[in-house]
Amino acid sequence: VELDERNHPFQITPKEATGELAYTAIGEGCHYLNTFIYGTFNTGSMARPERWENAGKDLRAINRAGPLIMASRRIPACAAIYFPYDHWIVSGERYFPSFAYELIRRTFGECDLAHQDVVREKGLAPYRIVALLGTDILTEEDETQFVTFVQDGGVLLLDRIPSQTPS
């Protein structure tokens, strides 16, 4: 949760932003927040006093609701966007599926960003729908996992067919 004003005055972050991000992070299961306000590590633009004020108010409210939040369970996502780490590293292209994320989330409900390493370890079974977007590079192991997912009844959304392996 960043309180830094490094882009001010070009980008004026709403004073409520820090609290809203904290609520969202905790609602998604986050158990640790860092404000990134350490003199050694900041970018030279400390937060405006009103942002500190609002952040403090919201963090105190979150603290009061803590036991209830911890007893709550997040609704598991039925959909995910696959994060193609190999493609990202090998191609040098940046991967920002924010518009696709919103489209999928609003269409199917909760949506996870499924990192390639987590998918390799835990599989795609928790999801009914997985989007593979902006990806040209895919390992044979990952390809096999997607084929099995579809054969088992999962829906795979593609914007292209990956055509390369990392090697």
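This is a predicted model: local features need pLDDT of at least 70, side-chain atom pairs count only at pLDDT 80 or more; totals for chains, interfaces and linings use all residues.
**Stop 1**

Lysine 57 is partly exposed, at a relative accessible area of 46%.

**Stop 2: Arg160 and its partners**

Go to arginine 160 and show its side chain. Which residue does arginine 160 meet at 3.4 Å, closest N to closest O? The partner is aspartate 136, and the contact is a salt bridge. Arginine 160 lies in the segment after strand 4, while aspartate 136 sits in the loop between strand 3 and helix 6 (140-151), so the pair ties together parts that are 24 residues apart in sequence. Arginine 160 is partly exposed, at 34% relative accessibility.

Next, select Asp86, Asp117, Arg120 and Asp142. Salt bridges link these four residues in a network. A search of the whole structure finds eight salt bridges.

**Stop 3: the whole fold**

Zoom out and switch to cartoon. Six helices and four strands make up the secondary structure. Along the sequence the pattern reads α-α-β-α-α-β-α-β-α-β. The protein has 167 residues, and 33% of them are buried. Its accessible surface comes to about 11,000 Å², with 57% belonging to carbon and sulfur atoms. Of the contacts with a separation of 6 or more, 77% are between residues 24 or more positions apart.

**Stop 4**

In what order do the four strands of the open sheet lie? The order is 2-1-3-4, with parallel pairing. Strand 2 and strand 4 (155-158) are the edge strands, each pairing on one side only. From one strand to the next, the twist averages 25 degrees.

Colour strand 1, residues 79-83. Five of its five residues are buried. Check the side-chain directions. Ala79, Ile81 and Phe83 point one way, Ala80 and Tyr82 the other, and all are buried.

- Strand 2, residues 111-115, runs parallel to strand 1 and is joined to it by five bridges. Pick phenylalanine 83: its bridge partner in strand 2 is histidine 115.
- Strand 3, residues 129-132, pairs with strand 1 in the parallel sense over three bridges. Pick alanine 79: its bridge partner in strand 3 is isoleucine 129.
- Strand 4 pairs with strand 3, again in the parallel sense, over four bridges. Pick valine 130: it stands opposite leucine 156 in strand 4.

**Stop 4: Ala131**

Stay in strand 3 and select alanine 131. Is alanine 131 buried or exposed? Alanine 131 is buried, at 1% relative accessibility. Show its surroundings. Setting aside neighbours within four places in sequence, alanine 131 is in contact with Ala80, Ile81, Tyr82, Ile104 and Leu157. Then draw a distance from its C-alpha atom to that of valine 155. The separation is 8.4 Å, for residues 24 apart along the chain.

**Stop 5: helix 4 over the sheet**

Bring back helix 4, residues 98-108. Helix 4 lies across strand 1, strand 2, strand 3 and strand 4. Its direction is at about 160 degrees to strand 1.

**Stop 6: helix 1**

Move to helix 1, residues 17-27. Which residues of helix 1 are buried? They are Ala17, Thr18, Gly19, Ala22 and Ile26. Their cover includes helix 2 (49-71). Step just past the end of helix 1 to glycine 29. Glycine 29 takes a positive phi of about 105 degrees.

**Stop 7: a nonpolar surface patch**

Finish with the surface display. Select Tyr85, Ile89 and Val90. Together they make a nonpolar patch of about 260 Å². Isoleucine 89 belongs to helix 3, residues 85-91.

Notes
Residues are numbered from 1 along each chain as its sequence is written. Side-chain values use heavy atoms; hydrogens and water are left out. Buried means under 20% relative accessible area, exposed over 50%, partly exposed in between (1.4 Å probe, protein chains only). Helices (H or I, at least four residues) and strands (E, at least two) are DSSP runs, numbered from the N terminus. Two strands pair if DSSP finds at least two bridges between them. Axes are lines fitted to C-alpha atoms, for helices over the stretch in contact, and angles run from 0 to 180 degrees between N-to-C directions. Contact means heavy atoms within 4.5 Å. Patches are made of residues with over 30% relative accessible area and no salt bridge: like charges are joined within 9 Å, nonpolar side chains (Val, Leu, Ile, Met, Phe, Trp, Tyr) within 5 Å. Accessible areas come from the Shrake-Rupley method with a 1.4 Å probe; for residues, only the protein chains shown count as cover.
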